[in-house]
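Morning, everyone. I have one model to walk through, so let me put it up.

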Amino acid sequence: INAEYMGIIEKIFMNKKGKILRMGNIKWLALAGCGLYGLTAYMGAKNKEYGNFRLSLTRMISRLTGRVMGVHIPVALRPSLYSTFCKFYNVNTSEIKAPYSEFDNFRAFFTRELKANARPIDDQQNVSSLCSPADSTVLAFGTMDKNLIHCVKGHSYSVGEILCGPTEVNTDPSKLFPSLTSENQLYYAVLYLSPSDYHHYHSPTSIVLKERQHIIGLLNPVMPSYLLSHKKGLKDNERVSVKGDWKEGEIALIYVGALNVGSVSLSFDKDLKTNAAEPWVNAKDLKKDYKDKVNKEGIIIDKGQE
């Protein structure tokens, strides 16, 4: 709900001191809620391409979760709250860089940094090799098969669809990766980050990034058990893909949002805004060329860099 809508609610149901007025009949609150949702639906209908995403329950829940995660937590409560989370999800607390008391809110704790050398970059000077970009479980690994990548058992997506969105479902992979020929292959890996994992990602090798594409979508769960029974789980979700070159050819990284984790941020791209309440507002910024007057070839990202 936009700030202007919240202002309408406050005028109807709150007095000048900000206290909620007692209502003789709860139907007025329900009526106001239905009216605001109807207004949202109308505005979404005017922008058909993104209207359904604005009305998505998973996107709304994820934005609400984002607000809750940003709420200040009193210092006295932090140790018990964070330690309970760590025990529940089996988090390795010995790797956490800062003490619990320094995490002002749950978002800061969820995106915590690790101690120096907790994740040494394997063979960091060898730019012809790849390292894992994140703490994760490997769900799938292989080579492209007839324009398809097999992300989860029994569920396959076209390269164009997962990389650029549904409008590119039939795009020939060689148009997306010009260096792809009959003499080489396109490899892929699908990695899953669980709630217990360190939620930063690092470059798997030295890359010159050329472009970024932001695909608006839903924010469905991405845990393996859900993906096995929901064929559209990954291809329907909001995601960000970046493409570039490395020593052995071309490379693409795709960051997929999930329920309650709808925010994707890139340290080198401050223009990126994911899970927006009005996704069509910044539609013109969904694609970005990283080649400019300063970075003529693209943005250089070193192996292991966030």
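Start with S136. At 29% relative accessibility, S136 counts as partly exposed; that class sits between buried, under 20% relative accessible area, and exposed, over 50%, with a 1.4 Å probe and protein chains only.

Ground rules next. This is a predicted model: local features need pLDDT of at least 70, side-chain atom pairs count only at pLDDT 80 or more, and totals for chains, interfaces and linings use all residues. Residues are numbered from 1 along each chain as its sequence is written, and side-chain values use heavy atoms, with hydrogens and water left out.

Back to S136. You will find S136 in the loop between α6 and β1. Helices here are DSSP runs of H or I, at least four residues, strands are runs of E, at least two, and both are numbered from the N terminus. What does S136 contact beyond four places in sequence? L191, Y192, L193 and D197, where contact means heavy atoms within 4.5 Å. Take L191: 55 residues apart from S136 in sequence, 5.7 Å apart in space, C-alpha to C-alpha. The S136 side chain also reaches the backbone oxygen of A134 at 3.2 Å.

Now K115. K115 is in the loop between α6 (106–110) and β1 (137–143). K115 is partly exposed, with a relative accessible area of 44%. Not counting residues up to four places away in sequence, K115 touches S94, E95, I96 and K97. K97 and K115 are 18 residues apart in sequence, yet their C-alpha atoms are 4.4 Å apart.

Next, helix α5, residues 78–89. Its 12 residues, at 1.5 Å a residue, should span 16 Å, and the end C-alpha atoms are 17 Å apart, which agrees. That expected span is 1.5 Å times one less than the number of residues.

Which residues of α5 are buried? R78, Y82, S83, F85 and C86. The buried residues of α5 pack against α6. Turned away from the buried side, the other face carries exposed K87 and F88.

The side chain of S83 reaches the backbone oxygen of S80 at 3.1 Å. Leaving aside neighbours within four places in sequence, S83 is in contact with R78 and Y100.

Last stop. After α5 comes N90, whose phi is positive, near 60°. Over to you for questions.

Notes
Polar contact = N/O pair within 3.5 Å; in protein donor to acceptor, adjacent residues only side chain to side chain.
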